[in-house]
Amino acid sequence: MKCQKCDKPATFHITELTDGNPQELHLCEEHAREYLSQSGMGSAEPENMAAALAHQMAQQMAVGQTAEELARLDQQVCPFCGISFYDFRSRGRLGCPHDYTCFEAQLNPLILNIHGETEHTGKTPRLGSRASQEKTQLIRFRREMKEAVAEEDYERAGKLRDTIRRIEQGDSPEETSH
Amino acid sequence: MELNDLTQNQGQWLRGSGPQSDIVMSSRIRLARNLADFPFVGQASDVDRQRIEEVLKGAVQGIEDASRLLYIEVDDLAGVDRQFLVERHLISREHAESEGVRAVAIDGGESFSIMINEEDHLRIQVMRSGLSLDETWEEINRIDDSLESKVTYAFHDKYGYLTACPTNVGTGMRVSVMLHLPALVLTRQIEKVFRSLQKISLAVRGLYGEGSQAMGDFYQISNQITLGRSEQDLIKQVHDIVPVIIDYERQARDFLIKESPENLHDRVSRAYGILRTAQTISSEETMLLLSSVRMGVNLGLIHDLEIPLLNDLFLKTQPAHLQKLTGAELDSSDRNIERARYLRSHLHGQNEPNGPEKN
Ligand SMILES: [Zn+2]
Ligand SMILES: [Zn+2]
(Lines give C-alpha, C1' and ligand atoms only; values in the text may rest on other atoms or scores of the structure.)
(Ligands and ions follow the chains in the order given, each with its own letter.)
Protein backbone atom coordinates (compact mmCIF):
# COMPACT_ATOMS: atom_id res chain seq x y z
CA MET A 1 0.00 0.00 0.00
CA LYS A 2 1.24 3.47 -0.91
CA CYS A 3 1.34 6.51 1.35
CA GLN A 4 -1.71 8.70 0.80
CA LYS A 5 0.50 11.75 0.38
CA CYS A 6 3.42 10.44 -1.66
CA ASP A 7 4.69 7.37 -3.50
CA LYS A 8 6.59 5.76 -0.66
CA PRO A 9 5.17 2.63 0.93
CA ALA A 10 2.75 3.28 3.77
CA THR A 11 4.26 1.89 6.94
CA PHE A 12 1.96 3.71 9.36
CA HIS A 13 -1.67 2.88 9.58
CA ILE A 14 -3.28 5.44 11.77
CA THR A 15 -6.79 5.11 12.98
CA GLU A 16 -8.05 8.48 14.07
CA LEU A 17 -10.63 7.93 16.79
CA THR A 18 -11.06 11.44 18.08
CA ASP A 19 -14.32 12.18 16.22
CA GLY A 20 -16.16 9.09 17.33
CA ASN A 21 -16.25 7.35 13.96
CA PRO A 22 -12.87 5.88 13.06
CA GLN A 23 -11.07 7.18 10.01
CA GLU A 24 -8.09 5.30 8.61
CA LEU A 25 -4.93 6.93 7.28
CA HIS A 26 -2.08 5.17 5.53
CA LEU A 27 1.17 7.11 5.55
CA CYS A 28 4.91 6.76 5.14
CA GLU A 29 7.05 7.48 8.16
CA GLU A 30 7.80 11.05 7.14
CA HIS A 31 4.17 11.94 6.55
CA ALA A 32 3.06 10.11 9.67
CA ARG A 33 5.44 12.18 11.75
CA GLU A 34 4.29 15.33 10.04
CA TYR A 35 0.66 14.41 10.57
CA LEU A 36 1.15 13.54 14.22
CA SER A 37 3.23 16.59 15.02
CA GLN A 38 0.78 18.91 13.27
CA SER A 39 -2.15 17.83 15.34
CA GLY A 40 -1.58 20.48 17.95
CA MET A 41 1.12 20.54 20.61
CA GLY A 42 1.57 23.68 22.64
CA SER A 43 4.62 23.06 24.77
CA ALA A 44 8.05 24.25 23.72
CA GLU A 45 9.93 21.93 26.06
CA PRO A 46 11.53 19.04 24.23
CA GLU A 47 10.88 16.59 27.04
CA ASN A 48 7.24 17.54 27.12
CA MET A 49 7.15 17.75 23.37
CA ALA A 50 8.56 14.25 23.02
CA ALA A 51 6.12 13.05 25.65
CA ALA A 52 3.26 14.83 23.94
CA LEU A 53 4.26 13.30 20.62
CA ALA A 54 4.40 9.85 22.15
CA HIS A 55 1.08 10.46 23.82
CA GLN A 56 -0.46 11.58 20.60
CA MET A 57 0.97 8.71 18.64
CA ALA A 58 -0.25 6.32 21.27
CA GLN A 59 -3.65 7.92 21.03
CA GLN A 60 -3.87 7.78 17.31
CA MET A 61 -1.81 4.88 16.17
CA ALA A 62 -3.67 1.67 15.69
CA VAL A 63 -1.12 -1.06 15.73
CA GLY A 64 -3.49 -3.49 14.17
CA GLN A 65 -4.96 -1.99 11.06
CA THR A 66 -8.59 -1.91 11.98
CA ALA A 67 -10.61 -0.10 14.56
CA GLU A 68 -11.98 -3.39 15.88
CA GLU A 69 -8.51 -4.69 16.52
CA LEU A 70 -7.56 -1.44 18.20
CA ALA A 71 -10.59 -1.71 20.43
CA ARG A 72 -9.59 -5.25 21.37
CA LEU A 73 -5.98 -4.25 22.17
CA ASP A 74 -7.27 -1.30 24.16
CA GLN A 75 -9.06 -3.56 26.58
CA GLN A 76 -5.99 -5.57 27.45
CA VAL A 77 -5.09 -5.05 31.12
CA CYS A 78 -1.77 -5.36 32.95
CA PRO A 79 -2.31 -7.93 35.74
CA PHE A 80 0.26 -6.20 37.96
CA CYS A 81 -0.87 -2.58 38.05
CA GLY A 82 -4.34 -2.87 36.50
CA ILE A 83 -4.05 -0.25 33.75
CA SER A 84 -5.47 -1.02 30.34
CA PHE A 85 -3.72 -0.08 27.13
CA TYR A 86 -6.50 2.45 26.67
CA ASP A 87 -5.46 4.05 29.99
CA PHE A 88 -1.94 4.40 28.64
CA ARG A 89 -3.19 5.87 25.40
CA SER A 90 -5.22 8.49 27.19
CA ARG A 91 -2.61 9.41 29.84
CA GLY A 92 0.62 8.90 27.93
CA ARG A 93 2.20 7.25 30.96
CA LEU A 94 2.59 3.56 31.72
CA GLY A 95 1.47 2.09 35.03
CA CYS A 96 4.33 -0.22 35.98
CA PRO A 97 7.51 -1.84 34.61
CA HIS A 98 5.60 -4.99 33.58
CA ASP A 99 3.62 -2.97 31.04
CA TYR A 100 6.59 -3.11 28.68
CA THR A 101 6.12 -6.89 28.54
CA CYS A 102 2.33 -6.93 28.78
CA PHE A 103 1.72 -4.40 26.03
CA GLU A 104 4.81 -5.22 24.02
CA ALA A 105 2.88 -5.81 20.79
CA GLN A 106 1.38 -2.34 21.00
CA LEU A 107 4.41 -0.57 22.43
CA ASN A 108 7.10 -1.91 20.14
CA PRO A 109 6.04 0.09 17.04
CA LEU A 110 5.53 3.17 19.18
CA ILE A 111 9.03 2.84 20.64
CA LEU A 112 10.46 2.29 17.16
CA ASN A 113 8.78 5.46 16.01
CA ILE A 114 10.06 7.56 18.90
CA HIS A 115 13.64 6.29 18.98
CA GLY A 116 14.18 4.74 15.56
CA GLU A 117 15.42 1.65 17.42
CA THR A 118 13.95 -0.96 19.73
CA GLU A 119 17.01 -2.35 21.45
CA HIS A 120 18.92 -0.89 24.33
CA THR A 121 22.67 -0.86 23.73
CA GLY A 122 23.83 1.19 26.70
CA LYS A 123 24.64 0.55 30.33
CA THR A 124 23.21 -2.48 32.13
CA PRO A 125 22.85 -2.79 35.89
CA ARG A 126 25.59 -5.14 37.04
CA LEU A 127 24.17 -6.13 40.39
CA GLY A 128 20.59 -5.97 39.29
CA SER A 129 21.18 -8.47 36.53
CA ARG A 130 23.14 -10.72 38.87
CA ALA A 131 20.23 -10.64 41.32
CA SER A 132 17.77 -11.54 38.60
CA GLN A 133 20.03 -14.30 37.31
CA GLU A 134 20.20 -15.75 40.78
CA LYS A 135 16.46 -15.53 41.08
CA THR A 136 15.92 -17.60 37.94
CA GLN A 137 18.64 -20.02 39.07
CA LEU A 138 16.89 -20.48 42.38
CA ILE A 139 13.61 -21.23 40.68
CA ARG A 140 15.31 -23.88 38.56
CA PHE A 141 17.19 -25.48 41.47
CA ARG A 142 14.06 -25.63 43.61
CA ARG A 143 12.17 -27.34 40.82
CA GLU A 144 15.03 -29.80 40.27
CA MET A 145 15.19 -30.48 44.01
CA LYS A 146 11.47 -31.33 44.06
CA GLU A 147 11.96 -33.64 41.10
CA ALA A 148 14.93 -35.30 42.82
CA VAL A 149 12.84 -35.86 45.95
CA ALA A 150 10.02 -37.27 43.82
CA GLU A 151 12.53 -39.65 42.22
CA GLU A 152 13.89 -40.46 45.69
CA ASP A 153 17.35 -39.33 44.59
CA TYR A 154 18.13 -37.92 48.06
CA GLU A 155 21.81 -37.40 47.44
CA ARG A 156 21.13 -35.10 44.53
CA ALA A 157 18.29 -33.39 46.43
CA GLY A 158 20.67 -32.75 49.33
CA LYS A 159 23.29 -31.22 47.05
CA LEU A 160 20.68 -28.99 45.45
CA ARG A 161 19.41 -27.93 48.88
CA ASP A 162 22.94 -26.88 49.87
CA THR A 163 23.37 -24.92 46.65
CA ILE A 164 20.06 -23.15 47.19
CA ARG A 165 21.07 -22.26 50.77
CA ARG A 166 24.41 -20.91 49.59
CA ILE A 167 22.78 -18.66 47.02
CA GLU A 168 20.17 -17.49 49.51
CA GLN A 169 22.74 -16.67 52.20
CA GLY A 170 25.22 -15.09 49.84
CA ASP A 171 22.46 -13.02 48.31
CA SER A 172 23.05 -9.32 47.94
CA PRO A 173 22.48 -6.95 50.92
CA GLU A 174 19.19 -5.78 49.42
CA GLU A 175 17.44 -8.90 50.82
CA THR A 176 14.74 -10.66 48.88
CA SER A 177 12.04 -8.39 50.26
CA HIS A 178 10.23 -8.04 46.98
CA MET B 1 23.20 21.58 55.85
CA GLU B 2 20.01 23.58 55.38
CA LEU B 3 18.14 25.04 52.48
CA ASN B 4 19.01 28.61 53.43
CA ASP B 5 22.73 27.80 53.22
CA LEU B 6 22.27 27.52 49.46
CA THR B 7 21.57 31.26 49.18
CA GLN B 8 25.28 31.79 49.97
CA ASN B 9 26.35 29.55 47.06
CA GLN B 10 26.65 30.49 43.47
CA GLY B 11 24.42 28.20 41.42
CA GLN B 12 26.41 25.54 39.60
CA TRP B 13 24.90 26.42 36.24
CA LEU B 14 25.93 30.05 36.63
CA ARG B 15 29.33 29.69 38.23
CA GLY B 16 30.81 30.98 34.98
CA SER B 17 33.97 28.93 35.02
CA GLY B 18 35.23 26.08 32.91
CA PRO B 19 36.08 25.76 29.23
CA GLN B 20 34.35 28.14 26.77
CA SER B 21 32.41 29.65 29.65
CA ASP B 22 31.75 32.92 27.83
CA ILE B 23 29.21 30.97 25.75
CA VAL B 24 28.79 27.60 27.44
CA MET B 25 27.11 28.12 30.81
CA SER B 26 26.80 24.58 32.04
CA SER B 27 26.67 20.88 31.24
CA ARG B 28 24.02 18.62 32.68
CA ILE B 29 23.10 14.95 32.52
CA ARG B 30 20.04 13.36 34.04
CA LEU B 31 19.12 9.70 34.39
CA ALA B 32 15.60 8.38 34.88
CA ARG B 33 15.39 5.21 36.98
CA ASN B 34 12.59 3.17 38.55
CA LEU B 35 12.41 0.47 41.18
CA ALA B 36 11.46 -2.95 39.80
CA ASP B 37 8.92 -3.77 42.47
CA PHE B 38 6.61 -0.77 42.48
CA PRO B 39 4.16 0.80 40.06
CA PHE B 40 5.38 3.97 38.34
CA VAL B 41 4.71 7.17 40.27
CA GLY B 42 1.57 8.11 38.34
CA GLN B 43 -0.05 4.78 39.21
CA ALA B 44 1.34 4.47 42.75
CA SER B 45 -0.98 4.65 45.78
CA ASP B 46 -0.13 6.97 48.68
CA VAL B 47 1.26 3.95 50.53
CA ASP B 48 3.38 2.95 47.52
CA ARG B 49 4.74 6.47 47.21
CA GLN B 50 5.67 6.49 50.86
CA ARG B 51 7.44 3.13 50.60
CA ILE B 52 9.28 4.19 47.44
CA GLU B 53 10.44 7.30 49.23
CA GLU B 54 11.61 5.30 52.27
CA VAL B 55 13.58 2.82 50.16
CA LEU B 56 15.20 5.53 48.05
CA LYS B 57 15.88 7.86 50.96
CA GLY B 58 17.99 5.11 52.52
CA ALA B 59 19.80 4.42 49.26
CA VAL B 60 20.43 8.08 48.51
CA GLN B 61 21.77 8.80 51.97
CA GLY B 62 24.34 6.07 51.46
CA ILE B 63 25.96 7.97 48.58
CA GLU B 64 27.51 10.94 50.29
CA ASP B 65 28.10 11.57 53.97
CA ALA B 66 24.79 12.85 55.30
CA SER B 67 26.24 16.12 56.61
CA ARG B 68 26.94 17.31 53.11
CA LEU B 69 23.68 16.01 51.72
CA LEU B 70 20.58 18.15 51.99
CA TYR B 71 17.47 15.94 52.01
CA ILE B 72 14.20 17.78 51.55
CA GLU B 73 10.59 16.57 51.59
CA VAL B 74 9.24 18.81 48.85
CA ASP B 75 5.64 18.63 50.08
CA ASP B 76 6.67 20.29 53.36
CA LEU B 77 8.31 23.26 51.63
CA ALA B 78 6.78 26.71 51.35
CA GLY B 79 5.98 27.85 47.81
CA VAL B 80 8.85 30.33 47.71
CA ASP B 81 11.36 27.64 48.71
CA ARG B 82 10.15 25.31 45.96
CA GLN B 83 10.46 28.13 43.45
CA PHE B 84 13.93 28.86 44.81
CA LEU B 85 15.01 25.28 44.00
CA VAL B 86 13.50 25.54 40.52
CA GLU B 87 15.43 28.76 39.87
CA ARG B 88 18.65 27.00 40.89
CA HIS B 89 17.80 24.10 38.51
CA LEU B 90 17.85 21.67 41.43
CA ILE B 91 14.29 20.45 40.92
CA SER B 92 11.96 20.54 37.93
CA ARG B 93 8.96 22.80 37.78
CA GLU B 94 6.77 19.65 37.70
CA HIS B 95 8.37 18.39 40.90
CA ALA B 96 7.75 21.75 42.58
CA GLU B 97 4.11 21.89 41.52
CA SER B 98 2.91 18.28 41.82
CA GLU B 99 1.38 16.71 44.93
CA GLY B 100 2.01 13.82 47.28
CA VAL B 101 5.08 12.35 48.97
CA ARG B 102 8.18 13.41 47.04
CA ALA B 103 11.67 14.54 47.88
CA VAL B 104 14.97 15.88 46.63
CA ALA B 105 18.51 15.21 47.82
CA ILE B 106 21.06 17.90 47.00
CA ASP B 107 24.79 17.73 47.59
CA GLY B 108 26.46 20.64 49.36
CA GLY B 109 28.29 21.87 46.27
CA GLU B 110 25.06 21.65 44.23
CA SER B 111 26.80 19.47 41.68
CA PHE B 112 24.07 16.87 41.89
CA SER B 113 20.46 16.57 42.88
CA ILE B 114 18.27 13.50 43.06
CA MET B 115 14.52 13.83 42.76
CA ILE B 116 12.40 11.08 44.28
CA ASN B 117 8.86 10.45 43.03
CA GLU B 118 9.00 12.86 40.13
CA GLU B 119 7.58 11.31 36.94
CA ASP B 120 9.94 8.40 37.59
CA HIS B 121 10.93 7.04 41.01
CA LEU B 122 14.39 8.53 40.55
CA ARG B 123 15.63 11.42 38.50
CA ILE B 124 19.36 11.78 39.07
CA GLN B 125 20.95 14.98 37.79
CA VAL B 126 24.55 16.15 37.71
CA MET B 127 25.54 19.69 36.71
CA ARG B 128 28.90 21.25 35.94
CA SER B 129 29.93 24.75 34.93
CA GLY B 130 31.18 25.16 31.39
CA LEU B 131 31.51 22.39 28.82
CA SER B 132 32.43 19.27 30.75
CA LEU B 133 30.19 16.40 29.76
CA ASP B 134 32.71 13.60 30.31
CA GLU B 135 33.28 14.58 33.92
CA THR B 136 29.54 14.98 34.38
CA TRP B 137 28.98 11.47 33.03
CA GLU B 138 31.65 10.00 35.29
CA GLU B 139 30.01 11.47 38.36
CA ILE B 140 26.45 10.49 37.46
CA ASN B 141 27.57 6.99 36.48
CA ARG B 142 29.20 6.62 39.89
CA ILE B 143 26.05 7.80 41.67
CA ASP B 144 23.95 5.45 39.56
CA ASP B 145 26.25 2.49 40.37
CA SER B 146 26.09 3.31 44.03
CA LEU B 147 22.28 3.43 44.04
CA GLU B 148 22.08 0.29 41.91
CA SER B 149 24.04 -1.64 44.54
CA LYS B 150 21.31 -0.89 47.08
CA VAL B 151 18.07 -1.24 45.13
CA THR B 152 16.78 -3.27 42.19
CA TYR B 153 16.09 -1.13 39.15
CA ALA B 154 13.38 -1.90 36.61
CA PHE B 155 15.45 -3.16 33.71
CA HIS B 156 14.38 -5.02 30.59
CA ASP B 157 16.82 -7.06 28.50
CA LYS B 158 15.56 -5.52 25.29
CA TYR B 159 14.31 -2.06 26.29
CA GLY B 160 16.88 -1.23 28.97
CA TYR B 161 15.95 1.00 31.91
CA LEU B 162 12.18 1.19 32.05
CA THR B 163 10.51 4.56 32.47
CA ALA B 164 6.94 5.79 32.94
CA CYS B 165 7.03 7.45 29.53
CA PRO B 166 8.38 5.47 26.56
CA THR B 167 10.20 8.62 25.37
CA ASN B 168 12.80 8.10 28.14
CA VAL B 169 13.22 4.33 27.94
CA GLY B 170 16.59 2.69 27.27
CA THR B 171 19.37 4.77 28.76
CA GLY B 172 16.90 7.03 30.57
CA MET B 173 19.44 9.71 29.83
CA ARG B 174 19.07 13.33 28.85
CA VAL B 175 22.35 15.14 28.13
CA SER B 176 22.18 18.89 27.86
CA VAL B 177 24.36 21.91 27.48
CA MET B 178 23.20 25.44 28.32
CA LEU B 179 24.47 28.11 25.93
CA HIS B 180 24.34 31.92 25.95
CA LEU B 181 23.51 32.95 22.37
CA PRO B 182 22.65 36.66 22.32
CA ALA B 183 24.19 37.43 18.92
CA LEU B 184 22.35 34.59 17.18
CA VAL B 185 19.13 35.99 18.63
CA LEU B 186 19.98 39.56 17.58
CA THR B 187 20.85 38.52 14.03
CA ARG B 188 17.69 36.38 13.87
CA GLN B 189 19.61 33.24 13.00
CA ILE B 190 18.59 31.26 16.05
CA GLU B 191 15.56 29.68 14.34
CA LYS B 192 17.80 28.39 11.57
CA VAL B 193 20.10 26.79 14.12
CA PHE B 194 17.10 25.16 15.83
CA ARG B 195 15.81 23.68 12.61
CA SER B 196 19.16 22.17 11.71
CA LEU B 197 19.50 20.68 15.18
CA GLN B 198 16.06 19.11 15.02
CA LYS B 199 17.09 17.31 11.85
CA ILE B 200 19.73 15.42 13.79
CA SER B 201 17.27 14.73 16.62
CA LEU B 202 18.64 17.21 19.08
CA ALA B 203 16.18 19.38 20.96
CA VAL B 204 16.55 23.04 21.84
CA ARG B 205 14.69 24.96 24.46
CA GLY B 206 14.94 28.33 26.14
CA LEU B 207 15.71 28.77 29.78
CA TYR B 208 12.57 28.16 31.87
CA GLY B 209 10.83 27.50 28.57
CA GLU B 210 8.44 30.44 28.69
CA GLY B 211 7.42 32.54 25.71
CA SER B 212 9.16 32.44 22.36
CA GLN B 213 12.31 34.34 23.31
CA ALA B 214 14.42 32.42 25.77
CA MET B 215 14.97 34.29 29.02
CA GLY B 216 18.33 36.03 28.87
CA ASP B 217 19.11 34.37 25.52
CA PHE B 218 20.00 31.10 27.29
CA TYR B 219 19.32 27.95 25.29
CA GLN B 220 19.58 24.34 26.26
CA ILE B 221 20.53 21.72 23.70
CA SER B 222 19.80 18.08 24.45
CA ASN B 223 19.36 14.63 22.93
CA GLN B 224 15.85 13.59 22.03
CA ILE B 225 16.45 9.86 21.56
CA THR B 226 17.28 7.71 24.57
CA LEU B 227 17.14 4.15 23.19
CA GLY B 228 19.39 2.24 20.81
CA ARG B 229 22.54 4.25 21.39
CA SER B 230 25.10 3.97 24.14
CA GLU B 231 25.49 6.70 26.75
CA GLN B 232 28.85 7.60 25.21
CA ASP B 233 27.27 8.02 21.76
CA LEU B 234 24.52 10.25 23.13
CA ILE B 235 27.06 12.39 24.97
CA LYS B 236 29.26 12.60 21.91
CA GLN B 237 26.38 13.75 19.76
CA VAL B 238 25.66 16.72 22.01
CA HIS B 239 29.35 17.34 22.68
CA ASP B 240 30.20 17.45 18.98
CA ILE B 241 27.54 19.98 18.08
CA VAL B 242 28.54 22.51 20.75
CA PRO B 243 31.70 23.82 19.03
CA VAL B 244 29.65 24.28 15.85
CA ILE B 245 27.10 26.45 17.64
CA ILE B 246 29.82 28.33 19.52
CA ASP B 247 31.35 29.09 16.15
CA TYR B 248 28.01 30.36 14.76
CA GLU B 249 27.61 32.60 17.82
CA ARG B 250 31.13 34.01 17.44
CA GLN B 251 30.54 34.66 13.74
CA ALA B 252 27.30 36.47 14.58
CA ARG B 253 29.16 38.60 17.15
CA ASP B 254 31.86 39.45 14.59
CA PHE B 255 29.17 40.37 12.13
CA LEU B 256 27.49 42.72 14.60
CA ILE B 257 30.79 44.41 15.39
CA LYS B 258 31.75 44.82 11.75
CA GLU B 259 28.36 45.96 10.55
CA SER B 260 27.97 48.72 13.09
CA PRO B 261 30.20 48.88 16.15
CA GLU B 262 28.33 52.03 17.27
CA ASN B 263 24.94 50.31 17.24
CA LEU B 264 26.24 47.37 19.19
CA HIS B 265 28.10 49.52 21.69
CA ASP B 266 25.01 51.70 22.06
CA ARG B 267 22.76 48.72 22.77
CA VAL B 268 25.14 47.36 25.37
CA SER B 269 25.71 50.73 27.04
CA ARG B 270 22.00 51.52 27.22
CA ALA B 271 21.32 48.14 28.78
CA TYR B 272 24.02 48.79 31.37
CA GLY B 273 22.63 52.28 31.97
CA ILE B 274 19.10 51.04 32.62
CA LEU B 275 20.27 48.31 34.97
CA ARG B 276 22.28 50.85 36.98
CA THR B 277 19.54 53.42 37.29
CA ALA B 278 16.11 51.79 37.08
CA GLN B 279 13.84 52.20 40.10
CA THR B 280 11.52 49.33 39.24
CA ILE B 281 12.20 46.52 36.80
CA SER B 282 10.64 43.19 35.85
CA SER B 283 12.47 39.88 35.81
CA GLU B 284 12.09 39.54 32.02
CA GLU B 285 13.55 42.99 31.32
CA THR B 286 16.39 42.31 33.73
CA MET B 287 17.31 39.07 31.98
CA LEU B 288 17.16 40.74 28.57
CA LEU B 289 19.41 43.62 29.63
CA LEU B 290 21.83 41.46 31.60
CA SER B 291 22.20 39.36 28.47
CA SER B 292 23.28 42.40 26.42
CA VAL B 293 25.65 43.52 29.14
CA ARG B 294 27.14 40.04 29.42
CA MET B 295 27.86 40.00 25.70
CA GLY B 296 29.29 43.55 26.01
CA VAL B 297 31.73 42.44 28.69
CA ASN B 298 32.79 39.41 26.63
CA LEU B 299 33.40 41.68 23.62
CA GLY B 300 35.41 44.20 25.63
CA LEU B 301 32.81 46.97 25.29
CA ILE B 302 32.36 47.25 29.06
CA HIS B 303 35.50 47.23 31.20
CA ASP B 304 34.41 47.68 34.80
CA LEU B 305 32.38 44.48 35.25
CA GLU B 306 33.26 40.85 35.87
CA ILE B 307 31.35 37.92 34.32
CA PRO B 308 30.90 36.05 37.64
CA LEU B 309 29.06 39.07 39.11
CA LEU B 310 26.78 39.20 36.07
CA ASN B 311 26.11 35.47 36.23
CA ASP B 312 25.22 35.85 39.86
CA LEU B 313 22.79 38.68 39.06
CA PHE B 314 20.90 36.47 36.60
CA LEU B 315 20.12 34.16 39.49
CA LYS B 316 19.74 36.56 42.42
CA THR B 317 17.21 38.73 40.60
CA GLN B 318 14.82 35.79 40.08
CA PRO B 319 11.58 36.16 42.09
CA ALA B 320 12.20 33.50 44.74
CA HIS B 321 15.87 34.44 45.17
CA LEU B 322 15.00 38.08 45.76
CA GLN B 323 12.51 37.07 48.42
CA LYS B 324 14.96 34.71 50.12
CA LEU B 325 17.61 37.43 50.13
CA THR B 326 15.33 40.09 51.61
CA GLY B 327 13.75 37.54 53.93
CA ALA B 328 10.27 38.76 53.13
CA GLU B 329 7.39 37.76 50.92
CA LEU B 330 7.06 40.37 48.20
CA ASP B 331 4.31 40.82 45.63
CA SER B 332 5.31 41.41 42.05
CA SER B 333 5.42 45.23 42.20
CA ASP B 334 7.46 45.17 45.42
CA ARG B 335 9.76 42.63 43.82
CA ASN B 336 10.32 44.94 40.86
CA ILE B 337 11.35 47.74 43.22
CA GLU B 338 13.58 45.44 45.27
CA ARG B 339 15.12 44.00 42.10
CA ALA B 340 16.01 47.49 40.83
CA ARG B 341 17.51 48.36 44.22
CA TYR B 342 19.54 45.15 44.26
CA LEU B 343 20.85 45.80 40.73
CA ARG B 344 21.77 49.42 41.52
CA SER B 345 23.68 48.47 44.63
CA HIS B 346 25.61 45.66 42.90
CA LEU B 347 26.39 47.47 39.67
CA HIS B 348 27.48 50.76 41.26
CA GLY B 349 29.80 49.73 44.01
CA GLN B 350 29.71 52.43 46.70
CA ASN B 351 28.62 55.54 44.82
CA GLU B 352 24.98 55.87 43.97
CA PRO B 353 24.84 59.30 42.30
CA ASN B 354 21.12 59.19 41.52
CA GLY B 355 19.98 58.04 44.95
CA PRO B 356 17.23 60.12 46.56
CA GLU B 357 19.36 60.81 49.69
CA LYS B 358 21.66 63.00 47.60
CA ASN B 359 20.45 66.22 46.09
ZN1 LIG C 1 4.45 10.01 2.36
ZN1 LIG D 1 1.37 -2.65 34.80
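1. Buried here means under 20% relative accessible area, exposed over 50%, and partly exposed in between, with a 1.4 Å probe and protein chains only. A:D99, at 0% relative accessibility, therefore counts as buried. A:C81 counts as buried because its relative accessibility is 15%.

2. This is a predicted model, in which local features need pLDDT of at least 70 and side-chain atom pairs count only at pLDDT 80 or more, while totals for chains, interfaces and linings use all residues. Residues are numbered from 1 along each chain as its sequence is written, chains are lettered from A and ligands numbered from 1 in the order in which they are written, and side-chain values use heavy atoms, with hydrogens and water left out.

3. A:C81 sits in the loop between α3 (67–74) and α4 (85–91) of chain A and A:D99 in helix α5 (residues 99–102) of chain A, so the pair ties together parts 18 residues apart in sequence. Helices (H or I, at least four residues) and strands (E, at least two) are DSSP runs, numbered from the N terminus.

4. Chain B holds an open sheet of 8 strands with antiparallel pairing, in the order β2-β3-β4-β5-β1-β8-β10-β9. Its edge strands, each pairing on one side only, are β2 (69–73) and β9 (202–206) of chain B. From one strand to the next the twist averages 20 degrees, with axes being lines fitted to C-alpha atoms and angles running from 0 to 180 degrees between N-to-C directions.

5. Strand β8 (residues 173–180) of chain B has 8 of its 8 residues buried. Both faces are covered: B:M173, B:V175, B:V177 and B:L179 lie on one side, and B:R174, B:S176, B:M178 and B:H180 on the other.

6. Two strands pair if DSSP finds at least two bridges between them. Strand β1 (residues 24–33) of chain B pairs antiparallel with β8(B) over 7 bridges, and B:I29 has B:V175 as its bridge partner. Strand β10 (residues 218–223) of chain B is joined to β8(B) by 5 bridges, also antiparallel; here B:V177 stands opposite B:I221.
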